[in-house]
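Have the model open in your viewer as you read.

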Protein chains: 2
Amino acid sequence: MRIVVLAGGIGGARFLRGLKRAVPDADITVIGNTGDDIHLFGLKVCPDLDTVMYTLGGGINEEQGWGRTDESFHVKEELAAYGVGPEWFGLGDRDFATHIVRTQMLGAGFPLSAVTEALCDRWQPGVRLIPMSDDRVETHVAVTLPGADGGPGERKAVHFQEYWVRLRASVPAEAVVPVGAEHAKPAPGVLEAVAEADVILFPPSNPVVSVGTILAVPGIREAIADAGVPVVGLSPIVGDAPVRGMADKVLAAVGVEATAAAVAEHYGSGLLDGWLVDTVDAGSVERVEAAGIRCRAVPLMMTDVDAAARMAQEALALAEEVRSA
Amino acid sequence: MRIVVLAGGIGGARFLRGLKRAVPDADITVIGNTGDDIHLFGLKVCPDLDTVMYTLGGGINEEQGWGRTDESFHVKEELAAYGVGPEWFGLGDRDFATHIVRTQMLGAGFPLSAVTEALCDRWQPGVRLIPMSDDRVETHVAVTLPGADGGPGERKAVHFQEYWVRLRASVPAEAVVPVGAEHAKPAPGVLEAVAEADVILFPPSNPVVSVGTILAVPGIREAIADAGVPVVGLSPIVGDAPVRGMADKVLAAVGVEATAAAVAEHYGSGLLDGWLVDTVDAGSVERVEAAGIRCRAVPLMMTDVDAAARMAQEALALAEEVRSA
């Protein structure tokens, strides 16, 4: 069975670990979000790709869900001593090595997809991990920062990481723009994987800045809609709140309420065939089905790998239901 | 008193620490060798500049004489896990930060001299440290590597660091070439410092690959010879062997025997006014003076900062002797 998964960071990575346990023999291709990539200290950092790679490769810091296990922060300490920031982005020493290798390979002319493949040679994630695009796409968020002394606020666009990590989504996201997406091409292998897939899954990743950014690369949304295979998603919203992170903040920016049903409607029946909501949201099944999307309510809390595996099984079962409908 | 010092790595740095103790109020400009600079992992590494900066700024690993104190090697470990080398060059995590900052600033368009000044803002070495040139100069060494199974050897040019650190000077240096030196310009401030100096010192640094490389930048040797102030050097050879490192190996490449007297003659009376040899080499004073260079035999082992300070005092005393002669 060939499965294509559109993945963001932590939620996507943990779902993928469950999926691998659920169907160990499946041929899994992951199309990774690169909209949250950022250049720091002259290095190219790809947080979502690395979270998937480290999680599936056994190198992740389990507790925080990102970054490396057994990590130290000497490089960062020294950069701060030089007065070189930003200090708000937590790059550890082991993690730095990944960005150094990536930056060196990109500088030598390799596209990000080839670099990602080379990094995965070490980590052996057990999936094929492809960045959504080899072209640079950077998600920016329009915000109004509070003015000094109650004066007028300053409207500006900040990098998604600055909004997410530095500001901790403490101000409303007025707009979310995947800068460069409209001119980006899907990376080699992306459209092929979609065309050859037996099922396409949207894990409980952020529907705006993770899955949404991948879908913003021209050709990917269309390929998924036209693939003629079941497309099933899992709600990242449980009981009207994001399971992780601050998805509600960026959903507001695109005018979508933070509910499991509203996210399904946001994707729409033109893209999505099936949708899993958590059991606490069983009341929204009817609304989702009214939108033309087959819906089931099952436990959606990834408390451990087994729980994630059961979610993956439910998603694949719903895909079979869609297929045979 | 304005003092200009041409410095390599460990020997130069330790001498400078002594010089600062000997004449705390002196205005010291250090012209640093950059011929041993190397690009590693896409980063610009300047071993000699950093050794001076760390030593005078209190960050040096005292025992080994280079690299940072309280150092860890997680980045390097991870690079090795990615199969990315070279593994023979010992870059620690704290040291990496320096190279990351440097590389980022160079990439932003700052010349190496401005970058070095910015790095020194943190370290406050108490001297003005200027790279010999903002242009890239890389010392290469011609060697013949042993052939496989007793077959013919392979003649090739290797980077100085590869000769020094990887091969540990285990094969003869057939030639030493400061690649790029002939087109390099002295960095801003170098010629001005030489012109305004009251005394110019050559510490017991390597006469070929440290001081020799600095002198190979067109204009520097001439400026020193024409400065009209005492130029005094300290022998890096004591008792017919280098105090540190493997200076004898590269001296052979330029046809100079590894003796205190031969090194003085190699610099020549056109450049050098005074020369200090160790007391064990007192027998060579006559030969050096016969070459037109005023010579004294004093203890030249930098066993601690006080010993280095006494050496610096002896050098300055010899300079005064030259001046009043």
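A:Arg294 counts as partly exposed because its relative accessibility is 29%, and A:Glu321 also counts as partly exposed, at 28%. Here buried means under 20% relative accessible area, exposed over 50%, and partly exposed in between, with a 1.4 Å probe and protein chains only. A:Arg294 and A:Glu321 form a salt bridge with their closest N and O atoms 3.2 Å apart; the term asks for a side-chain nitrogen of Lys or Arg within 4 Å of a carboxyl oxygen of Asp or Glu. The partners sit 27 residues apart, A:Arg294 in strand β14 (residues 294-297) and A:Glu321 in helix α13 of chain A. Helices (H or I, at least four residues) and strands (E, at least two) are DSSP runs, numbered from the N terminus.

This is a predicted model, where local features need pLDDT of at least 70, side-chain atom pairs count only at pLDDT 80 or more, and totals for chains, interfaces and linings use all residues. Side-chain values use heavy atoms, without hydrogens and water, residues are numbered from 1 along each chain as its sequence is written, and chains are lettered from A and ligands numbered from 1 in the order written.

Over all chains, the count of salt bridges is 40. Three of them are listed below.

| Pair | N to O distance |
|---|---|
| A:Asp50 and A:Arg102 | 2.5 Å |
| A:Arg294 and A:Glu321 | 3.2 Å |
| B:Asp50 and B:Arg102 | 2.5 Å |

In chain B, B:Asp50 lies in helix α2 (residues 47-57) and B:Arg102 in helix α4 (residues 93-107), 52 residues apart. Both B:Asp50 and B:Arg102 are buried. Shared partners also join A:Arg68, A:Asp70, A:Arg94, A:Arg122, B:Glu77 and B:Glu78 into one salt-bridge network.

Back to helix α13 of chain A (residues 305-324): its axis comes within 7 Å of that of helix α1 (residues 10-22), and the two cross at roughly 75 degrees. That makes α1(A) roughly perpendicular to α13(A), a label for angles of 65 to 115 degrees. Among the residues that meet are A:Phe15 and A:Leu19 in α1(A), and A:Met311 and A:Leu316 in α13(A), where contact means heavy atoms within 4.5 Å. The contact residues comprise nine nonpolar, two polar and four charged.

Now the two chains: a rotation of 180 degrees with 0.0 Å of shift along its axis superposes chain B on chain A, with an RMSD of 0.0 Å. The copies are thus related as by a two-fold rotation axis. In chain B, the C-alpha nearest the axis belongs to B:Asp93, 3.3 Å from it.

Key. Axes fitted to C-alpha atoms, helices over the stretch in contact; angles between N-to-C directions. Parallel < 35°, antiparallel > 145°, perpendicular 65-115°, else oblique. Nonpolar A, V, L, I, M, F, W, Y, C, P; charged D, E, K, R; others polar. Least-squares fit on C-alpha atoms with pLDDT ≥ 70 in both.
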